Amino acid sequence: MNWIEAIIIGIVEGVTEYLPVSSTGHILLAQRTLGIPDTEASKAFAIVVQAGAILAVLGIYFQKARGMTEAVAGTMLALPGLFFQKARDMSQALIRKNPQGLLLVRNVLLAFIPVVIFGLLLEKKVDALLTGLWPTVASWFVGGVAILAVAWFKRTAAPGSRGIGLTLEQITPRIAIIIGLLQCVAMWPGTSRSLMTIVGGLLCGLNMIAAVEFSFLLGMVTLTAAAGYKFLKNYSVLFDTYSVPSMLFGCFAAWLSAFLAVKWMVSFLQKHGLQPFGYYRIGLAVLVAILLMSHVLTP
């Protein structure tokens, strides 16, 4: 993979990571189009460039991320605070300063736990059974139909209520766990982690902004864990196969494109909802299926 291909993969990752269209599926399609071999190194590269997309969301939601970090720090100081007055004072001050941050940390961790469990249990089976463009095409199509069905249901059940619903601060542990379980479905390439978490949030009663923001914050934790795990597991083959500059180019491209995509997506979803992404997924699934059947693309 040369640096131009690395940048292309980075752009594809950044643009699609937080949109409900599946970054994994789009990267797989881009790799097939560019003629990049489907190897452990190329799969690891696709995960590692997520670091750029993570940094983009961290920058956009820095205040919320800082509040969560300070709440975690306050909680960690609680134990030494049993023995040291200064640690106790710092712990109480940080927790009082960030009560909403502590709730966010709790909910994000509750939503994150299911994907850790199912990821460790099913990673090899998913790689063996669901890797390739045909499973991705099926997932694109089913996900597109699901988006249109959910949009119709929400519109029918509560006309004109797009801005009404629970806020980020009103997410309960039950809602967080349900969203976390739905995120596990995105282990199937083409499904989209963002799709499952945003739709899950909407079905649980969140308003659009809360569903999107929780999806982004949960994504920071999930993607960081996935990227770190893949890097530690495959760092030797990564450095043997790709140069450091190519990886840095890919991460930078992912950061810039994700920053622009997230800024655009929030306002777009407020105005138009998820339906356009449903039509896009169905159209892409049909197009790629035609290209596969005509042997323009290889599965």
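Modeller: A polar contact is a pair of N or O atoms within 3.5 Å; within protein, one must be able to donate a hydrogen and the other to accept it, and residues adjacent in sequence count only if both atoms are side-chain atoms. This is a predicted model, in which local features need pLDDT of at least 70, side-chain atom pairs count only at pLDDT 80 or more, and totals for chains, interfaces and linings use all residues. Residues are numbered from 1 along each chain as its sequence is written, and side-chain values use heavy atoms, with hydrogens and water left out.

Biologist: What makes N207 a cap of α11?

Modeller: A side-chain oxygen of N207 lies 3.2 Å from the backbone nitrogen of I209, at the N-terminal end of α11.

Biologist: Why is the meeting of E213 and K64 called a salt bridge?

Modeller: The term requires a side-chain nitrogen of Lys or Arg within 4 Å of a carboxyl oxygen of Asp or Glu. The N to O distance here is 3.8 Å, so the pair meets the definition. The two residues are 149 apart, with E213 in helix α11 and K64 in helix α5.

Biologist: Why does E213 count as buried, and why is K64 called partly exposed?

Modeller: Buried means under 20% relative accessible area, exposed over 50%, and partly exposed in between (1.4 Å probe, protein chains only). E213 has 17%, so E213 is buried. K64 has 29%, and therefore K64 is partly exposed.

Methods: Helices (H or I, at least four residues) and strands (E, at least two) are DSSP runs, numbered from the N terminus.
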